[in-house]
Amino acid sequence: MLSRQEFKTEHAKVIEWITEYFEKIKSFPVKSQVLPGEIYNQIPGQIPEKGTNIDVLLQDLTEIILPGITHWQHPNFHAYFNANSSIESVFAEFITAAIGAQCMIWETSPAAAELEERMMEWMRDAMGLPAKWEGVIQDTASTATLTAMVCAREQVTNFESNEHGVPGNLRIYCSRQTHSSIEKGAVIAGIGRKNVVPVGAKDELTLSAKQLEIQIETDKASNLLPCCVIATLGTTGTVAIDDLKAISKVCQKHNIWLHVDAAYIGTALFLPEYRWIIDGIEDADSFVFNPHKWMFTNFDCTAYYVRDANHLIRTFEILPEYLKTKTRGSVNDYRDWGIPLGRRFRALKLWFVLRSYGLEGIQDKIRQHIELNRYFAHELMKIKGVYLFQDPILNFTCFQWNRQDDPDGKVLQNEMNALLVDRINKTGKAYLSYTKIANEVVIRVVIGQTYVTREDIDDLLQVIREEITLIS
């Protein structure tokens, strides 16, 4: 049990552990190789009677915990979407943890509230979002999207749902490739899983504005109430981009809340050449992207923007006596801008990253990742039997491997592509994931780890070549 006076002597051991971790990270298997229960069974069943010193704790961290870690900051982590960190963000997390503030309202830490307000403005303006929009930091895009659904629910029911419960005829529309959090959010918001309507054919990767309008008209004729449309800019499977401008026109015509999910590729908006992605954003109601994915900021940190902050506040405001303050109404009390009452001081790590990198530094890093992806896709095509499922986009490539002696067609091809991913991951040299599109296994590669280099991409290409050779 350490005293604060001992921090000065003991902190060096923790810093040394982190430093060594950074130095050795490329030597660890990217994906943890442990078996289920392996970590659990090494941990005693009860709290120890006597305290443990920091040296033993760090030794156990290395020997017991570290083998069970999948290293998301490894430069050859290319699965899912990145959850990026940076040295600046780590430093900010140190300080945030030391301060230990609970930033639920302005009074409980004025600097936290005002820094958050300014950071959201910095990013809004740098990304080309509407100047009058206001933002708030959420923990994840899943929470932000749930927040949007609840706001949409209250809009369409004139705030009656908050008072009397949710009617059973509300409808949410999205593409078939939209994130699974949409379905989960509909369940939590009381709208219901059956009222989430995927629009379009099963093999379509984006939301069709034309089919959306047809579905809305059909639902209205059946006394169903269109509530919310989710437009996705960068789906998880293939980074497909919905036609926001066309979708926004449909939503405007029918007065339906339009939420824009740009959780991953929202960071690309820092580049003026990719601003076309949000053509039509001025007619949307809410927008989300994750700085903790591709903007070098530790998980968790989600930026959620709304056209009308008053509607957001009215939806979530609860005012018990113990939270009433004299400053209410003249400051932002962010606990009224989302689901949780308690809030971390997340704005500090944004401040550290944005100031340390600067806009040019962020742009340079994003462009480097995009260029590395172009290089990867070009070299990948040189491997026998490999072909791209679609053109590379931003820092994302998806591909398939077709073994030349494939007598059983797509079934065997799916099995072999899934096997290829599994074998690559078991080498520990890289970590990939795959998805299924129109019942075909498609291998995904995301090149967005903060410190990834061309040498790392060459290592990835080599392990792909090796494993294809071994199972050919």
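Some ground rules. Residues count from 1 along each chain as its sequence is written, and side-chain values use heavy atoms, with hydrogens and water left out. Because the model is predicted, local features need pLDDT of at least 70, side-chain atom pairs count only at pLDDT 80 or more, and totals for chains, interfaces and linings use all residues.

Cysteines, then. A disulfide here is a pair of cysteine sulfur atoms within 2.5 Å. How many disulfides does that rule give? The count is 0. Take Cys227. Its closest cysteine sulfur is in Cys228, 5.7 Å away, so that is too far for a bond. Cys227 is also buried, at 1% relative accessible area. Buried means under 20% relative accessible area; exposed is over 50%, and partly exposed lies in between, with a 1.4 Å probe and protein chains only. Cys251 is in no disulfide either. For Cys251, the nearest cysteine sulfur belongs to Cys228, at 8.1 Å. Cys251 is buried too, at 2%.

Now strand S7, residues 302-306. Strands are DSSP runs of E, at least two residues, numbered from the N terminus. In S7, 5 of the 5 residues are buried, so the rest of the structure largely encloses this strand. Look at both faces. Thr302, Tyr304 and Val306 are buried on one side, Ala303 and Tyr305 on the other.

Which strands pair with S7? Pairing takes at least two DSSP bridges between two strands. S1, residues 134-138, is antiparallel to S7 over 5 bridges. There, Val136 has Tyr304 as its bridge partner. S6, residues 286-289, also pairs with S7 in the antiparallel sense, over 4 bridges. Phe289 stands opposite Ala303.
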